Amino acid sequence: MLEWFQANFWVIWLVAAGGLAVSEMLTLDMTLLMLAGGALAGAGVALFFPALLWLQVLVAVVVAVALLGLLRPQILKRLHKGPGYRSTFDQLLGATGKSVGAITAADGEVNVNGETWSARSYDGEAIPGGVEVDVMEVDGLTVLVLPRHKPLSRDQS
């Protein structure tokens, strides 16, 4: 059995490449896809040089690092410039959430799209817990919120 694996190590590389490529669908970060490319290169080397495991590993690592360093940034840049792309922070602006507890001008928490964020009151007035709020601004990792049914006055942004 061990001899079969040594003679057919390309199968192991191919299974690893497939597993990494399928796992990429869960992350959508393009990292696992680049590692799958390295494993695929390792499978190619294993077909021609089945006894040289060190060469298979070396080629897999070099190809994966090259793909991560050269190809992945270009792919991500194109994806982020595509039509309809909105970052997490862009999606927060204008979103509706619910205050977890009291929100003041200094601190508080709000649940937006199933995630809990640090929050502050947009106009400085306290907001009680359980109130629907709109995200008016994003300041770092803190959202500035206003009660959903409270109109903006003219002197505020």
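Residues count as buried under 20% relative accessible area, as exposed over 50%, and as partly exposed in between (1.4 Å probe, protein chains only). The structure is a predicted model: local features need pLDDT of at least 70, side-chain atom pairs count only at pLDDT 80 or more, and totals for chains, interfaces and linings use all residues. Residues are numbered from 1 along each chain as its sequence is written, and side-chain values use heavy atoms, with hydrogens and water left out.

The protein contains 5 helices and 5 strands. Helices (H or I, at least four residues) and strands (E, at least two) are DSSP runs, numbered from the N terminus. Along the sequence the order is α-α-α-α-α-β-β-β-β-β. The radius of gyration is 25 Å, well over the 15 Å that the globule rule gives for 157 residues, so the protein is more spread out than a compact globule. This radius is taken over C-alpha atoms, and the rule is 2.2 Å times the number of residues to the power 0.38. Along the principal axes, the C-alpha atoms fill a box of roughly 75 × 35 × 25 Å.

Of the 157 residues, 27% are buried. The accessible surface comes to about 10100 Å², computed by the Shrake-Rupley method with a 1.4 Å probe. Carbon and sulfur atoms account for 65% of that surface. Contact means heavy atoms within 4.5 Å. Among contacts with a separation of 6 or more, 47% join residues 24 or more positions apart.

A pair of aromatic rings is described by the distance of the centres and the angle of the planes. Rings of Phe, Tyr and Trp (its six-membered ring) pair if their centres lie within 6.5 Å; planes under 30 degrees apart count as stacked, over 60 as edge-to-face and the rest as tilted. The count is 1 aromatic pair. Phe-9 and Trp-13 form this pair, which is edge-to-face, at 6.2 Å centre to centre and 75 degrees between the planes. Both residues lie in helix 2 (residues 9-27), 4 residues apart, about one turn of the helix. Phe-9 has 22% relative accessibility and therefore counts as partly exposed. Trp-13, at 15%, counts as buried.

Ser-99 belongs to strand 1 (residues 96-99). Its relative accessibility is 4%, so Ser-99 counts as buried. Beyond neighbours within four places in sequence, the contacts of Ser-99 include Glu-109, Val-110, Ile-127 and Pro-128. Gly-129, Gly-130, Val-131 and Val-133 are also among them. Val-57 and Ser-99 are 42 residues apart in sequence, and their C-alpha atoms are 52 Å apart in space.
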